[in-house]
Amino acid sequence: MTDRPNTPTLDRVHLPADMKSLNDAELVKLAGELRAETISAVSETGGHLGAGLGVVELTVALHAVFDTPRDRLIWDVSHQCYPHKILTGRRDRIRTLRMKDGLSGFTKRSESPYDPFGAAHSSTSISAALGMAVARDLGGSPEHGIGDCIAVIGDGSMSAGMAYEAMNNAGHLGKRLIVILNDNEMSIAPPVGAMSTYLSRLYAGAPFQEFKAAAKGAVSLLPPPFQEGARRAKEMLKGMTVGGTMFEELGFSYVGPIDGHDMEQLLAVLRTVKVRANGPILIHAITKKGKGYAPAEAAMDRGHATGKFDLVTGKQQKAKSNAPSYTSVFAKALISEAERDSKVVAVTAAMPDGTGLNLFNERYPSRCFDVGIAEQHGVTFSAGLAAGGMKPFCAMYSTFLQRGYDQVVHDVALQRLPVRFAIDRAGLVGADGATHAGSFDIGYLTNLPGIVVMAAADEAELVHMVATAAAHDEGPIAFRFPRGEGVGVELPEKGVPLEIGKGRMIQKGARVAILSFGTRLKEVQDAAESLAAKGITPTIADARFAKPLDRDMILDLAANHEALITIEEGAVGGFGSHVAQLLADEAVFDGGLKFRSMVLPDIFIDQSSPADMYATAAMNAPDIVAKVLDTLGVADLDAKRA
């Protein structure tokens, strides 16, 4: 394409080894060209732009100084890995980011030896890097060898407890380990919490930057003649600044803060650390998310996630919506409940925009809590709110709620506390791929005693489920809904609480009953039209509840049909398994009922469009038609003619 950037230096770099022949001035040029190539690529694909732009210089410096892939470079949360992919032999595929059969938007072990550890959830890098460092010292991977282990962790990821668990262990073990804190004052949304405040204080006094850097952490790395002076400076600064004290107390040598966009500083520090470090060391680099692209720098989220956009203006190409998104419907329904009940509060874990709680926060800032990337704390914090008489809605993506599962079990379900779990991104999610798929929440929640689990078939049902959750005080309750826009049904003015454990009949038919849980209902209805043309009119029911089950409806469907088929946007062990258990307990199978369950297959499905991912999962309307015909033993005459 003619509008692609001119990149003569980058064109010479196919793998990191090619950077070894570049001088420092050429590395600066390489960084500029790498930034331009990243912007150009993401303008065509969409994706996580801002984080990658913030680490361009750091990416170049790391690959120039260290010997990847022998030196293991681990990105956390890996939103920031696009420049890394370009430099590590994947430039020719960078415009396939997040597409079917293309590059993953995150690091992925199966994709490249330069991705030693996959990551799409946060705060895992230090643990993984420490494990690799220990494996190195114990003689692991002798065929390839392991050199330095380097974790690049964003400051937002430092709000999760796992990062500190790893640092505490690393300080105790004393292994050579390099942690780079990419401090860009942003995670996804503006960061919250004491860690953000602490990091801000570290570099609040600009005139002291170089003095503090020398005094606080780099003493042992300085040439011997300068070490005594630095120690004296450190004594002088005691009580004046906080420096890297917290990190030092965890057993890390602390270097910084340094300018993460100054190639000269980066190269000097990294080269010194590579030669001299003999234990765990933390390099504190200050960067700017969205650096070098004005539209990203000006955006509220610094260009965190974007669709395809115009290179000049930064204006995104947005598809026309036929219906509001499920997320916005949830947010507006929750605001409506909060208007009527002052006890309704909302909790999220660093995803206020993604879960719609940014809208709630605009109306009720004192009743909205972003706990940072700390799902475990978010769940137990919600439990405490419930124990204190409030009505907490804990809004998290399905894949992120997994990180707080022990707290769901121990702190919520065991104590029967009425926490309301609003589970966004249920089912398959598209471009973010397997790491963000909401495949498992039906199974991991329905096995807990006393919990209510719902799934909305459309956006109107979601409004009623928000009302149901608000009215439910007998224990925990959860409702799940997918990413993207709704079906386009008319929305009620006000949500009406549903009767707990009661489904609804959609269509009465004969021979086969299809019992849907969630938004596959639209596909079931489309399948029913195709089946009608073949002389088969199925009964269709919307379960609404996976727990408690609507026993009467399910047993009635089983008693009056040859076959019963369940369908859900979740893995095996969920809704269909509970229906099968009920039918077995009631000895229904003794009467010859044919029972089938359509669930997500036992594989992780790579990124593509949601429709294509569900086709891979064999859960679209044609797949439902085929399942019905096969179950009934009816030949598909149309298919045979074709």
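Trainee: How many salt bridges does a search of the whole structure find?

Mentor: The search turns up 38. Bear in mind that the model is predicted.

Trainee: Start with arginine 90. Which side chain does arginine 90 meet in a salt bridge?

Mentor: Glutamate 111, at 2.8 Å from N to O. Arginine 90 sits in helix H4 (residues 82–90), and glutamate 111 in the loop between H4 and helix H5 (125–137), so the pair ties together parts 21 residues apart in sequence.

Trainee: Is arginine 90 buried or exposed?

Mentor: Buried. Its relative accessible area is 4%.

Trainee: What does arginine 544 form a salt bridge with?

Mentor: Glutamate 461. The closest N and O atoms are 2.7 Å apart. Arginine 544 lies in the loop between strand S14 (539–542) and strand S15 (545–547), while glutamate 461 lies in helix H19 (residues 459–471), so this pair ties together parts 83 residues apart in sequence.

Trainee: And those two, buried or exposed?

Mentor: Arginine 544 counts as buried at 14% relative accessibility. Glutamate 461 is buried too, at 4%.

Trainee: Which side chain meets aspartate 552 in a salt bridge?

Mentor: Lysine 502, at 3.7 Å from N to O. Aspartate 552 is in helix H21 (residues 551–559), and lysine 502 is in the loop between strand S11 (477–480) and strand S12 (504–507), 50 residues apart. Aspartate 552 is exposed, with a relative accessible area of 56%. Lysine 502 counts as partly exposed, at 28%.

Trainee: Which residues are linked in a network of salt bridges?

Mentor: Arg4, Asp11, Glu37, Glu44, Arg91 and Arg95.

Trainee: Switching to strands. How many residues of S2 are buried?

Mentor: 6 of its 6. S2 covers residues 149–154. Cys149, Ala151 and Ile153 point one way, and Ile150, Val152 and Gly154 point the other way.

Trainee: Which strands are joined to S2 by bridges?

Mentor: Strand S1 (residues 72–76) is joined to S2 by 5 bridges, and the two run parallel. Strand S3 (residues 177–183) is also joined to S2 by 5 bridges, again parallel. Isoleucine 150 in S2 is the bridge partner of leucine 73. Isoleucine 150 also stands opposite isoleucine 178 in S3.

Trainee: What about the sheet with S12? What order do its strands take?

Mentor: S12-S14-S13-S16-S17. These 5 strands form an open sheet with mixed pairing. S12 and strand S17 (594–598) are the edge strands, each pairing on one side only. Neighbouring strands are turned by 20° against each other on average, direction ignored.

Trainee: In which sense do S13 and S14 pair?

Mentor: Parallel, over 4 bridges. S13 spans residues 512–517. Serine 516 stands opposite aspartate 542 in S14.

Trainee: Which strands does helix H22 lie across?

Mentor: S13, strand S16 (563–568) and S17. H22 (residues 575–585) runs at about 150° to S16.

Trainee: Last one. Which residues of helix H17 are buried?

Mentor: Gln407, Val408, Asp411, Val412 and Ala413. H17 covers residues 405–413. Seen down the axis of H17, these buried residues fall within an arc of 155°, so they line one face of the helix.

Trainee: And what covers the buried residues of H17?

Mentor: The cover includes helix H15 (375–387), helix H16 (398–401), strand S9 (420–424) and helix H18 (441–446).

Key:
Residues are numbered from 1 along each chain as its sequence is written. This is a predicted model: local features need pLDDT of at least 70, side-chain atom pairs count only at pLDDT 80 or more; totals for chains, interfaces and linings use all residues. Side-chain values use heavy atoms; hydrogens and water are left out. Buried means under 20% relative accessible area, exposed over 50%, partly exposed in between (1.4 Å probe, protein chains only). The arc is that of the directions from the helix axis to the C-beta atoms. Contact means heavy atoms within 4.5 Å. A salt bridge is a side-chain nitrogen of Lys or Arg within 4 Å of a carboxyl oxygen of Asp or Glu. Two strands pair if DSSP finds at least two bridges between them. Axes are lines fitted to C-alpha atoms, for helices over the stretch in contact, and angles run from 0 to 180 degrees between N-to-C directions.
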